[in-house]
Amino acid sequence: MTILHYVAADAADSSPSITDWLTLVVAVLALAGSVWAIIYNRSSASSARSAVAEAKKAAAAAERVSQSEIDRDHEMFRPPQIGSEAFSLEVNPRTKEENLVLKFTPARTYRITGQSIEGDSHSPLSCPLFNPAGVPVRIVVDVLRPHRERSAVKELRLSFWPPAQVDKRDLWTCRCGQPLESHESAHWEVTVPVVTPPRTPAEHVYSA
Ligand SMILES: [Zn+2]
């Protein structure tokens with residue numbers, strides 16, 4: 001007997017039997033059970049949904065962390081800026097010409113190529129491709145006196161990459177997805193404005 005049947009019975013007979021009372025209790029318990037089951041199912045469905053949403057959020061956060069780690073590494077591996085102090089004048093003992101030289105010491109091992117920019121013309125710089133960490137890189141930028149007082153080269157563009165497998169030493173890499181091969185475009189590009197340093201007493205050696 002359902003609750004409606006009971007109510008109908010109750011209206012017809014003002015003194016319900018024990019059976020009717022028991023039926024009512026069972027019906028109420030059954031209803032309570034159904035309501036609880038509905039609430040429980042809804043809440044477990046919604047908690048399952050929120051668990052999925054939480055997992056998705058956590059995965060997205062983990063991805064962001066690893067991307068930010070990659071970006072941080074890319075910046076950490078970036079070669080340092082090269083300033084005017086890196087330029088010096090050297091007299092070639094054989095030709096007695098004065099050379100404008102760029103010298104810097106990379107803290108990491110890189111593959112390096114470079115170009116000198118003079119007006120619209122780009123000329124490749126003579127520079128070893130593989131440059132181990134801690135070993136000074138020396139690049140002759142220009143030949144000055146007796147031909148010219150100051151260099152007409154405006155800037156140098158140096159391209160850097162991590163070492164290649166074939167270098168077989170000091171291997172490391174950058175995971176950022178930018179080119180890793182030295183025939184591709186630069187992984188890092190460093191622009192160095194060219195400065196002809198003032199002559200030091202060393203010029204007397206040249207004049208002598
Ligand atoms: Zn990178």
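The model I am presenting is a predicted one. The pair belongs to the contact between S1 and S2, where residues 98–104 make up S2 and the two strands run antiparallel, joined by five bridges.

Those two strands are part of an open sheet of three, ordered S1-S2-S6, with antiparallel pairing. Strand S1, residues 87–91, and strand S6, residues 137–143, are the edge strands; each has a single partner, so one side of each has no neighbour in the sheet. On average, neighbouring strands here are turned by 35° against each other, direction ignored.

Of the 208 residues, 30% are buried. Among contacts with a separation of 6 or more, 67% are between residues 24 or more positions apart.

A word on confidence. The average pLDDT is 86, and 80% of the residues score at least 70. Over residues 6–12, however, pLDDT stays under 50, and the model has seven contacts beyond four places in sequence for that stretch.

I turn next to strand S7. Five of its seven residues are buried, so the strand is mostly covered. S7 has an antiparallel pairing with strand S3, residues 110–118, over seven bridges. Within that pairing, Gln-115 stands opposite Arg-157 of S7. S7 also pairs with S8, again in the antiparallel sense, over six bridges. There, Phe-160 has Trp-188 in S8 as its bridge partner.

Now to the metal. Which residues coordinate the zinc ion? The ligands are His-74 through ND1, Cys-174 through SG, Cys-176 through SG and His-187 through NE2, at 1.9 to 2.3 Å. Why is the arrangement called tetrahedral? The four donor atoms subtend angles of 98 to 118° around the zinc ion, and the criterion is that all angles lie between 85 and 135 degrees. The spacing of the donor residues in sequence is H-x99-C-x1-C-x10-H.

My last item is Glu-149, which is placed in the loop between S6 and S7. Its relative accessibility is 43%, so Glu-149 counts as partly exposed. Leaving aside residues up to four places away in sequence, Glu-149 touches Leu-144, Thr-196 and Arg-199. Its C-alpha atom is separated by 9.4 Å from that of Glu-98, a residue 51 positions away along the chain.

To close, I return to the zinc ion, whose ligands are His-74, Cys-174, Cys-176 and His-187, and to S7, which pairs with S3 and with S8. Thank you.

Key
Residues numbered from 1 in each chain as written. Predicted model: local features only at pLDDT ≥ 70, side-chain atom pairs only at ≥ 80, totals over all residues. Heavy atoms only, no water. Donors = N, O, S within 2.8 Å, 3.2 Å for Na, K, Ca; no water. Tetrahedral: all angles 85-135°; square planar, octahedral: opposite > 155°, others 65-115°. pLDDT = per-residue confidence, 0-100. Contact = heavy atoms within 4.5 Å. Pairing = 2+ DSSP bridges. Helix = DSSP H or I, 4+ residues; strand = E, 2+ residues; numbered from the N terminus. Axes fitted to C-alpha atoms, helices over the stretch in contact; angles between N-to-C directions. Buried < 20%, exposed > 50% of the residue type's maximum accessible area, 1.4 Å probe, protein only.
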